[in-house]
Amino acid sequence: MTVVEAEAGREAIRRALRSLRRRHLVEEGAHRPAIEALARPFAAQAVEWKEKAEKHELELQQCYKAQSRLSEQLVAEIEEGKASIALLKEKETLITTLQNELERTSEENIQLKQSLEEKTCALDLLIQEHQTVKAELEQALTKQKVAEDENRNLIDRWMLEKMKDADRLNEANAMYEDMVLKLKSAGVGGIQHNALQEADGIIRRSETGYLDMETPIPSTCRITIRAHDGGCGSIIFQHNTDKLISGGQDQTVKIWSAHTGALNSTLQGCLGSVNDLAVTNDNKFVIAACSSNKLFVWEVNGGRPRHTLTGHTKNVLSVDASWVKSCVLASSSADHTIKIWDLQTGFCKSTIMSGSTANSLAFIDGDILCSGHRDGHLRLWDIRSGKCTSQTFAHLDVSSVCVSRSKNFILTSGKDNVHNLFDLKTMEVCGKFNAMGNRVVGSWGRPCISPDENSIAAGANDGCVYIWSRLKKDRVPTILQGHSSSVISSAWCGLGPLATADKNHIYIWT
């Protein structure tokens, strides 16, 4: 082919292409509205689909994150499950072990229960045997106590009879010697007259408890003692000595020498104020009745506390020791009871319901007790039976009772400011003692009888001590002055001196 032909062919092709392009443009122009109409929905859907795709992509990302978290939780749960399975296996092993131990314990429990039943049966048998032996022991102790009481009573009676025989023998010897002397001096003509006089004198002395040594009436204060802080509550002399015992509100009991006024010893351990004192007939023990509802017992030698006697529920007002039985005490309290105590054991032997408060009491002999009451009566009690054997009206309110050394008289004092002397044989008043200005110190005044039983001493609110003679008919008292306050208590020593106490001091009179 030639160049011309080739060029002509290219030209023809160009023309054909231009013709096709024009045709395409014409056709494109003809179809453009339709194409645009078709393209618009697809564009809107494309935006919507794009938004949905973005939303779905975001949700897919959140799902991936949630799946990641769930995967982590799943891993943790799996680990916890494995740990729980291991713990469960341990618990199952422990349960198995505990079941085995429970079985062993159950077997041991059954064995112990059988052993306990056997020992319980043996214990019941021993208790029955013990009760039987205890009953037999109580019976034996009761018999022993009865025998001891009978033996003690027999010994006391025998000793009392011996003492009486000795006193009668001494009186007979003295009478014989006096009669011989008087016969020598009087001559033959006065024999009958002197014999009658001597016989009459002996009878009178025996009836009145007369003592050969006459007690002088004191007139001078020889010693003044500052005894207790807060006040002195009670004083008493030891038997047949010059030792004076005092108790006070400072919760102490002190022992003094009435000869020198020196303090010999102080007994400690008392609770409450001391209301009354007593000393045993052998002078071995001192007893204090206190406001703490208790009684305290000391050994005189050494001052060691021996007993604390408890049982009263109110203030203990009075105490006394038997002059026959050294181990027997009696006490009275505001709880309307009188209690009998055994000093050997420190226990209460019996309780007497007195009905009315006994302000004061005193032993008459080993088994008979007298007491003065707020209802105004003087009563006698048999401590063996606990019964009142006699009673008589003495005052409007009996504040004190005092028994003479021979046990023939009872001196009572009352709030009527009168001191009555009772004859113990008849329980009748054989003497009344009072004076202008002699007013009894409430429920605490403690008068006394002289050792020869011829004089009565009583303190008063005016700080004076009044002394009456039992034998004189005029009843004019001797008045001792010197106290600065009410005289609370008085005590007459068997060797002569008179001691009186007020709130602050103790005076020794001779």
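Author: A residue counts as buried when its relative accessible area is under 20%, and as exposed when that area is over 50%. The model is a predicted one.

Reader: Is Glu453 buried or exposed?

Author: Glu453 sits in the loop between β22 (448–449) and β23. Its relative accessible area is 1%. The cut-off for burial is under 20%. Because the area is 1%, Glu453 is buried.

Reader: What is the phi of Glu453?

Author: Most residues other than glycine have a negative phi. Glu453 is a residue other than glycine, yet its phi is positive. The value for Glu453 is near 65°.

Reader: Where does Lys407, with its positive phi, lie?

Author: Lys407 also is a residue other than glycine, and its phi is near 65°. As for its place in the chain, Lys407 belongs to the loop between β18 (398–403) and β19 (409–414).

Reader: How much space lies in the largest cavity?

Author: Searching the whole structure gives three cavities of 30 Å³ or more. The space in the largest cavity is about 40 Å³.

Reader: Which strand gives the most to the lining of the largest cavity?

Author: Two strands, β23 (455–459) and β26 (487–492), each supply at least two lining residues. The lining includes Val487, Ile488 and Ser489. With three residues, the strand that gives the most is β26.

Reader: How many residues of that lining are charged?

Author: Among the lining residues are His419, Arg446 and Pro447. Arg counts as charged. The lining divides into five nonpolar residues, five polar, and, as charged, one.

Conventions
Residues are numbered from 1 along each chain as its sequence is written. This is a predicted model: local features need pLDDT of at least 70, side-chain atom pairs count only at pLDDT 80 or more; totals for chains, interfaces and linings use all residues. Side-chain values use heavy atoms; hydrogens and water are left out. On a 1 Å grid over the protein atoms alone, a cavity is a set of points where a 1.4 Å probe fits but cannot get out, and a pocket is an open set with protein on both sides within 12 Å along at least five of seven lines; lining residues have an atom within 4 Å of a point. Grid points are joined across faces, edges and corners, and a volume is the space filled by probe spheres set on the points. Helices (H or I, at least four residues) and strands (E, at least two) are DSSP runs, numbered from the N terminus. Buried means under 20% relative accessible area, exposed over 50%, partly exposed in between (1.4 Å probe, protein chains only).
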